[in-house]
Amino acid sequence: MNVFRTLALGAGLSGLLLSTAYAEGLSGKVIGFSQIGSESGWRAAETSVTKAVAAELGIDLKFADAQQKQENQIKAIRGFIAQGVDAILVAPVVATGWEEVLTEAKEANIPVVLLDRGIEGPEDLYLTSVASDQVKEGRVAGEWLVNAVADKPCNVVELQGTVGSSPAINRKQGFEEALAGKANLAIIRSQTGDFTRSKGKEVMEGFLKAEGGGANICAVYAHNDDMAVGAIQAIKDAGLKPGTDILVLSIDAVPDIFAAMVAGEANATVELTPNMAGPAFEALDAYLNGGTVPAKFIITDSKLYTPSDDPQGEYDRRKGLGY
Ligand code: AHR
C-alpha cells in the first residue's frame, strides 16, 4: 500500500526531515545498488539518503561502490543478477556501454532503475529513470548569467563533469542554449574537472594562468558545486575575489556552496535533490507488487538559488543530510 510519510532520518542525517512519497511493500525485498563512487558531496548525500530510505522501508540493500569505474559497475550488476536480487538501482557513470549487462538483467527478469544519470540505448532495458532534466539545469544556470551580466562583455570558463557522463553532456548543452545569440557572452575555455573539488581547483588554476591571471575571465560555470568550490579556492589563491571579480555558478545546491554564498564567494546554484531513492522505491513497489509500469522518466525539480535565497538557512537545512 502506498503511503505519504514524512521520514525523519536518524543518526547522521538527523538534521533533515525528508518528505517523500513511498511504499511499504518492499519490506524484505533484496535490491542491489551500483553507485558510482564518492566523487562529490552530492554523491555522498545520495548514498546516505538511499541507505536511510531503504532501511526505513525494510529493504535489504546490497550496496556496491564502483570507484568511478564502469567496469566495476558492470561487475557489480552481474553479481546482483547472480544473487537473484528483486531489483537493481544503478547510477551510470557514463552514458554508453550498458546494453550487454542490462540485457542480461532483463533476461533474468530483474527490473533496473537508473538513478540521477541517463544512458544511451534502448529504453526497454530499464524500468524507469529517476533523474533531473540536466539540459534544463544548464539552461537555468546560463539564463541566470545572461540576466546578471546584461549587456556587459563576459568571458566564461567552463568546468565540465566526467567525460561521457549524461550530466556533463546535457549541462553543457543547456548552458550553451541559454548563451546562444548573446554576442557579449563567450565560453573561452572548457575542460573536465571530473566532478571533483581537487580537479576543479587544478583546472581553474590552469584557466587563470592562461587568461592573464584571471583578468580576462568574467565567470566560471561548473557542472557541479564541488568543482565550483575548488575553483573558488584557485581564484582566491590568484589574489582575486570569487563572486565579485569572477562570478561563480554551478549545480547541486550542496551545503558548501551555500557557505560560499554566505561569504560572498558564489553567485548561483541549481538544486539537484539527493533523494532519487524515494521515487525509485515507490515505482518499484508499484511494479513488483501490482504490476504497474511507471513513467519511463521521473523528473526531479531544478530550482535556482542565489544569495537572495537565505543561503544560511539553506546551509542549515542541508547540513545533516550526509553531504
Ligand atoms: O549525476 C549527478 C552529478 O554527479 C552531480 O551533479 C555531481 O555532483 C555528481 O558527481
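How far apart are the mean positions of the positive and negative charges of the chain? The mean positions of the 28 positive and 42 negative charges are 3 Å apart. In this count Lys and Arg are positive and Asp and Glu negative, while His and the chain ends are not counted; each charge is placed at NZ of Lys, CZ of Arg, CG of Asp or CD of Glu. The structure is a predicted model, in which local features need pLDDT of at least 70 and side-chain atom pairs count only at pLDDT 80 or more, whereas totals for chains, interfaces and linings use all residues. Residues are numbered from 1 along each chain as its sequence is written, and side-chain values use heavy atoms, with hydrogens and water left out.

The chain contains ten helices and 14 strands, taken as DSSP runs numbered from the N terminus (helices: H or I, at least four residues; strands: E, at least two). The radius of gyration of the chain is 20 Å, which agrees with the value near 20 Å for a compact globule of 323 residues. This radius is taken over C-alpha atoms, and the globule rule is 2.2 Å times the number of residues to the power 0.38. The C-alpha trace spans about 60 × 40 × 30 Å along its principal axes. Of the 323 residues, 54% are buried, where buried means under 20% relative accessible area, exposed over 50% and partly exposed in between (1.4 Å probe, protein chains only). The accessible surface comes to about 12,700 Å², and carbon and sulfur atoms contribute 49% of that area; the areas come from the Shrake-Rupley method with a 1.4 Å probe. Among contacts with a separation of 6 or more, 73% join residues 24 or more positions apart, a contact being heavy atoms within 4.5 Å.

A pair of aromatic rings is described by the distance of the centres and the angle of the planes. Rings of Phe, Tyr and Trp (its six-membered ring) pair if their centres lie within 6.5 Å; planes under 30 degrees apart count as stacked, over 60 as edge-to-face and the rest as tilted. Four aromatic pairs are counted by this rule. One of them is the edge-to-face pair of Phe-33 and Phe-63, at 5.5 Å centre to centre and 70° between the planes. Because Phe-33 lies in strand 3 (residues 30–35) and Phe-63 in strand 4 (residues 60–65), this pair ties together parts that are 30 residues apart in sequence. Phe-33 is buried at 0% relative accessibility, whereas Phe-63 is partly exposed at 30%. The rings of Phe-258 and Tyr-305 are also edge-to-face, since their centres are 5.5 Å apart and their planes stand at 90°. Here helix 8 (residues 255–262), which holds Phe-258, is tied to strand 14 (residues 304–305), which holds Tyr-305, across 47 residues of sequence. Both Phe-258 and Tyr-305 are buried.

Gly-174, in helix 5 (residues 166–179), is buried, with a relative accessible area of 0%. Its C-alpha atom is separated by 4.2 Å from that of Arg-139, 35 residues away along the chain. Beyond residues up to four places away in sequence, Gly-174 touches Val-135, Gly-138 and Arg-139. Gln-67, in the loop between strand 4 and helix 2 (70–83), has a positive phi near 50° although the residue is not glycine, and is exposed at 54%. Ala-253 has a positive phi near 65° and lies in the loop between strand 11 (247–252) and helix 8, where Ala-253 is buried at 0% relative accessibility.
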